[in-house]
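Colleague: I would like a close look at one part of this model, with its backbone described plainly. Please take the sequence and structure below as the starting point.

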Amino acid sequence: MEELMGLSAVVTGAAGFLGSHLIDALMASGCRVVGIDNLSSGTLENLRTWLDHPGFSFIKDDLKHEGDWCSAFKGADVVFHFAANPEVRISSVRPRVHFDENVVATFNVLEAARRADVGALVFASSSTVYGDPEVIPTPEDHPKRPVSIYGASKLACEVLVETYHRLYGLKALILRYANIVGPRLTHGAIVDFIRKLRANPQQLEILGDGTQRKSYLHVRDAVSATLHLLRALLKDSFSCEAFNVGSEDWTSVVRIADIVVEEMGLSDVRYVFKPMTHDGRGWPGDVKLMLLDISKLKATGWRPTMSSEEAVRETARTLLRGGR
């Protein structure tokens, strides 16, 4: 982490799940950090360690509109654009949310970065840009056919980032994350199952037919991979690249339910499946099978420390004891 000491960074979505963990790592590395968040889903509690630290400052503002937040980009070495609405399910019923929160906000961030002559940008994309993959594990050059507005919005943002690189010379990292889990997680299957089982320890409603199978990556590994690739970008190993960031395996929704039940010390829980599509998805636009090919990332010298099940189990344990 010594190479990052003294780096000036801006993190959007700073008070959210992944953004706050990234800030923990940046601050521990001796960076100067400005965090920006509108606090629509994030919370300042996630940043409490740094709120009074002289190397950290926080701006509450909305990226959908140009404002005072733009001035924070002046002198920044890197901008981590992690602000987004993370709820994929919303896009099937309220598609404009993801257009505004993802596409409009990303355009405004790119414009602020261009005007401030920021050195580099790291964009948090998603495995959802691939849609239903024809090849599993799915490599970076796989066709992009999103099946949700969320995935489409992330792909549109990727195109914007790549165009700003070609047109204005902005160095960029596009990171297609798998399902990231860990402390401070506020949505997704693990959180949903814990909430439901606390309300009714005898029965668990599972969205979909339970055979959905996906890759899960612990947030510590996600942050580690992000900063590993940033160092490569700053060393000019590449100027604009997309990387899959995930684990090397996957697990099913039913197995996640089993793990949560085990960690809660329950038994004889009846599972009630609620498929929302003819092929057993949890909701329209849900990708049923997702396992990223991370060969490109591993070729740079990085690999995850946990399997999908290990990440899920540690997350369940942490959330159950209220850990942050």
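Colleague: In which loop is Pro 137 found?

Modeller: This is a predicted model, and what follows should be read as such. Pro 137 lies in the loop that runs between strand E5 (120-126) and helix H3 (149-168). In general, most peptide bonds are trans, and most residues other than glycine have a negative phi.

Asp 117 is not a glycine, yet its phi is positive, at about 55°. Asp 117 sits in the loop between helix H2 (95-116) and E5. With 65% relative accessibility, Asp 117 counts as exposed because the cut-off is over 50%. Asp 268 also has a positive phi, near 55°, and is a residue other than glycine. Its loop joins helix H6 (253-263) to strand E13 (270-274). Asp 268 is exposed as well, at a relative accessible area of 74%.

For a view of a strand residue, take Thr 12, which belongs to strand E1 (residues 8-12). Thr 12 has 0% relative accessibility and so counts as buried. Its side chain makes a polar contact of 2.8 Å with the side chain of His 81. Leaving aside residues up to four places away in sequence, Thr 12 touches Ile 36, Leu 63, Phe 80, His 81, Phe 82, Ala 83 and Val 109.

Note on methods
Residues numbered from 1 in each chain as written. Predicted model: local features only at pLDDT ≥ 70, side-chain atom pairs only at ≥ 80, totals over all residues. Heavy atoms only, no water. Helix = DSSP H or I, 4+ residues; strand = E, 2+ residues; numbered from the N terminus. Buried < 20%, exposed > 50% of the residue type's maximum accessible area, 1.4 Å probe, protein only. Polar contact = N/O pair within 3.5 Å; in protein donor to acceptor, adjacent residues only side chain to side chain. Contact = heavy atoms within 4.5 Å.
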